[in-house]
Amino acid sequence: RYTGDDSSRRTIELGFRPVAILVLEGGTRVGFYSGSVYAYWGGLATSNYSASSEAGTVVSTTSIGFRVYAKGYGASSSDKQVTSNGLGHTYNYIAFQ
C-alpha cells in the first residue's frame with residue numbers, strides 16, 4: 001500500500017523487478033469517467049508492457065519495483081488524467097515475483 005504524493009513520476013521500491021504488478025486506487029478502481037474527464041488510477045503492468053492510456057503511462061515496472069505517475073490531475077482543462085500517484089489517495093498493489 002502507498003499514498004500518492006502527486007509527483008509526476010515516482011518509484012515504489014520492492015527490492016525486485018516484478019513480473020507483473022496490479023495497482024488499484026482505494027483497492028477497487030483502475031479508472032473512471034465523469035462528464036468529460038477520463039481518469040486512469042491504476043492498472044496491470046508486466047515486465048514487458050506498461051499499463052498505459054491515451055493520457056500516458058499509468059504503471060510500469062523497474063528493476064527494483066514499479067513506477068507510478070500523476071499527469072493532468074486537478075487541471076480543469078485536461079480531459080484525460082493519469083492519477084496513479086494522486087495526492088492523498090491510497091493505492092493497493094499486488095506484485096508478482
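**Reading features, residue by residue**

Tutor: Let's begin with Glu 25, which sits in strand 3 (residues 20-25). Strands here are DSSP runs of E with at least two residues, helices are H or I runs of at least four, and both are numbered from the N terminus. What you're looking at is a predicted model, where local features need pLDDT of at least 70 and side-chain atom pairs 80 or more, while totals for chains, interfaces and linings use all residues. Residues are numbered from 1 along each chain as its sequence is written, and side-chain values use heavy atoms, leaving out hydrogens and water.

Student: Is Glu 25 buried or exposed?

Tutor: Buried means under 20% relative accessible area, exposed over 50%, and partly exposed in between (1.4 Å probe, protein chains only). Glu 25 comes out at 9%, so it counts as buried.

Student: What does Glu 25 touch, not counting residues up to four places away in sequence?

Tutor: Contact means heavy atoms within 4.5 Å. By that rule Glu 25 touches Trp 41, His 89, Thr 90 and Tyr 91. Thr 57 is another matter: 32 residues along the chain from Glu 25, with 16 Å between the C-alpha atoms.

Student: How many salt bridges does the structure hold?

Tutor: Side chains of opposite charge can pair when their charged atoms come close. The cut-off is a side-chain nitrogen of Lys or Arg within 4 Å of a carboxyl oxygen of Asp or Glu. The structure holds one: Arg 10 with Asp 5, whose closest N and O atoms are 3.8 Å apart. Arg 10 is partly exposed at 22%, and Asp 5 is partly exposed at 39%.

Student: And the aromatics: how many pairs are there?

Tutor: A pair of aromatic rings is described by the distance of the centres and the angle of the planes. Rings of Phe, Tyr and Trp (its six-membered ring) pair if their centres lie within 6.5 Å; planes under 30 degrees apart are stacked, over 60 edge-to-face, the rest tilted. There are four pairs, and ring pairs link Tyr 2, Phe 66, Tyr 91 and Tyr 93 into a cluster.

Student: Which lysine lies over the face of Tyr 69?

Tutor: Lys 71 does, at 5.3 Å from the ring centre. Lys 71 also turns up among the contacts of Lys 80, along with Tyr 38, Glu 54 and Ala 55, not counting residues up to four places away in sequence. Lys 80 itself lies in strand 10 (residues 80-83) and is partly exposed, at 28%.

Definitions and conventions:
A charge sits over a ring if NZ of Lys or CZ of Arg is within 6 Å of the ring centre and within 35 degrees of the ring normal.
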